[in-house]
Amino acid sequence: MIKKIFCLYILALIISITYCRVYPDGDYLSSGNNSSSPDDEEPLNKAGDVKEFIFEGISLKIIYVPAGKFILTNSRPVMTISKGYWICETEITQELYSAITLNNPSQYQGASYIEPGEASEKRPVESITWYDAAEFCNKLSELDGKTPFYTITGRTPSTGYPVTSATVEVPDWNGKGYRLPTEMEWMWAAMGATKGIGTHTSGVFIDGYGKQFSGYSAGKSIDDYVWYSSNSGSKTHEIKRKLPNELGIYDMSGNVFEWCWDRYQLFPTSPQTDYRYDNGTFAITKGSGGGSSSSFSPDYRANSNMSLATGSFIGFRPVFAE
């Protein structure tokens, strides 16, 4: 009898453990019924390390971006990212956004936009407001057992989408919940951070800001990395159809523009640590959209005057801190 009880106890213990595997190349795979988080594991801390979470049965991979320093733009100061963070490998897809919010506002969905070999639901979600993106980050945090990063009040409308107005506050910038990246975090990841190909001098990435596109080095073609006006058909495409940058992050220079936390103001002219700008009416978007023929460099501000309630051809990719 005692032996039987002991065996049942061991079986229950095994079942209760979430399956996980650490791959030789540093990739971490974790899976569960709804969402799973490797809270009991030591955090991975190498540039480009990967974790995979399962939300509502849908995979979401995130990439580790280490702390570091970089030149902001031509003749501009050194910017410091003091702590490593995780960023989504891809823009949030229509599939995941729909599963969590029960809403898909995307213009580019359905049979009329399907390309051979592509899945419509794997396109990035777009046509969302900045407020929609912030609220999604909170929902993702809740599913992952994290404390929501934002406090959101005064939501308009009170239910449903799009959210066109709200007060979004950050109780603690050391929080661990999902959030929008700051502009500097987005740039650092787009450059490839410490793995970025270019000139690194005394621990500072000197020329990453001016790369022709995220993932660029001599001899590489923009068509292999970026969806833009010459190859996109002026529409979005399934994620991960182009090559990633040095960290393994996809579509940072072109598929949809991406919301950042920051409001617009001129770039700072003195060295800054963990810089962000919280005040103002207009938000910054980075990257590029499939119909764009503008600059694709990490320092390019795709739109510096986007109303927070405007979202045409704009998506997002969340981050969270260690």
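1. Strand β3 (residues 50-55) runs antiparallel to β4, joined by six bridges. Strands are DSSP runs (E, at least two residues), numbered from the N terminus, and two of them pair if DSSP finds at least two bridges between them. The hairpin of β3 and β4 has two residues between the strands, and E56 takes a positive phi near 50° there.

2. The model is predicted: local features need pLDDT of at least 70 and side-chain atom pairs pLDDT 80 or more, whereas totals for chains, interfaces and linings use all residues. Residues are numbered from 1 along each chain as its sequence is written, and side-chain values use heavy atoms, without hydrogens and water.

3. Strand β4 (residues 58-65) is largely enclosed by the rest of the structure, because six of its eight residues are buried (buried means under 20% relative accessible area, exposed over 50%, partly exposed in between; 1.4 Å probe, protein chains only). Strand β4 also pairs with β7 (residues 85-88) in the antiparallel sense over four bridges; Y64 stands opposite W86 of β7.

4. A mixed, open sheet contains five strands in the order β10-β11-β5-β6-β13. Its edge strands, β10 (200-201) and β13 (272-273), each pair on one side only. Strand β5 (residues 68-71) runs parallel to β11 (residues 204-205), with two bridges between them, and K69 stands opposite V204 in β11.

5. F282 lies in strand β14 (residues 282-287). At 40% relative accessibility, F282 counts as partly exposed.
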